[in-house]
Amino acid sequence: MFICLCHHMNNTTEISLVEKFEKAAVILKTVAHPARLAIIQMLKGGKTKMSVNEICEALEMEQSLVSHHLNNMKLRGILACERDGKQILYHLKEKDVYKVINCIESCNCNM
């Protein structure tokens, strides 16, 4: 899997293999929860912005739990948010998270 991550995380500027693995590790630690992975999947593409209520309805989860996951990912730079009237809309900020998630999705692991 690390070869996959390294291959997909090439940037226009050269960074060391260690830096690539460190960045991948931060992303993986942050998103290592089924609810967080589901949130990222819903926001995948970068054009999708969703409110906490929309995410709660889609995941059938309580608002306090969804807010906790959103805040955790926001603090670690995975998500960003903006206010739209009374709502706060969340979207993906860290573009490399797509690459990590795509790598996980393409893995043929039998669990």
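The model is predicted, so local features need pLDDT of at least 70 and side-chain atom pairs count only at pLDDT 80 or more, while totals for chains, interfaces and linings use all residues. Residues are numbered from 1 along each chain as its sequence is written, and side-chain values use heavy atoms, with hydrogens and water left out.

**Exercise 1. Find the salt-bridge partners of Lys-23 and say which parts of the chain they tie together.**

Step 1. Set the cut-off: a salt bridge is a side-chain nitrogen of Lys or Arg within 4 Å of a carboxyl oxygen of Asp or Glu. Searching the whole structure that way gives three of them.

Step 2. Go through the Lys-23 pairs. With Glu-94, the closest N and O atoms are 3.4 Å apart. Glu-94 sits in the loop between strand S3 (87-92) and helix H6 (96-106), and Lys-23 in helix H2 (residues 17-31), so this pair ties together parts 71 residues apart in sequence. (Helices, H or I with at least four residues, and strands, E with at least two, are DSSP runs numbered from the N terminus.)

Step 3. Lys-23 also pairs with Asp-96, closest N and O atoms 2.7 Å apart. Here H2 is tied to H6, because Lys-23 lies in the one and Asp-96 in the other, 73 residues apart in sequence.

Step 4. Now check accessibility: Lys-23 is partly exposed at 28%, whereas Asp-96 is buried at 4%.

**Exercise 2. Describe the salt bridge between Lys-49 and Glu-82.**

Step 1. Take the distance: the closest N and O atoms are 3.0 Å apart.

Step 2. Lys-49 is in the loop between helix H3 (34-43) and strand S1 (50-51), Glu-82 is in strand S2 (residues 79-84), and the pair links distant parts of the chain, 33 residues apart.

Step 3. Look at accessibility. Lys-49 is partly exposed at 38%, and Glu-82 is partly exposed at 34%.

**Exercise 3. Work out how H2 packs against H6.**

Step 1. Get the geometry: the angle is about 75 degrees and the axes are 10 Å apart. Axes are lines fitted to C-alpha atoms, for helices over the stretch in contact, and angles run from 0 to 180 degrees between N-to-C directions.

Step 2. Classify: under 35 degrees is roughly parallel, over 145 roughly antiparallel, 65 to 115 roughly perpendicular, and the rest oblique. H2 and H6 are therefore roughly perpendicular.

Step 3. List who touches whom, contact meaning heavy atoms within 4.5 Å. From H2, Lys-23, Ile-27, Leu-28 and Val-31 meet Asp-96, Val-97, Val-100, Ile-101 and Ile-104 of H6.

Technical notes:
Buried < 20%, exposed > 50% of the residue type's maximum accessible area, 1.4 Å probe, protein only.
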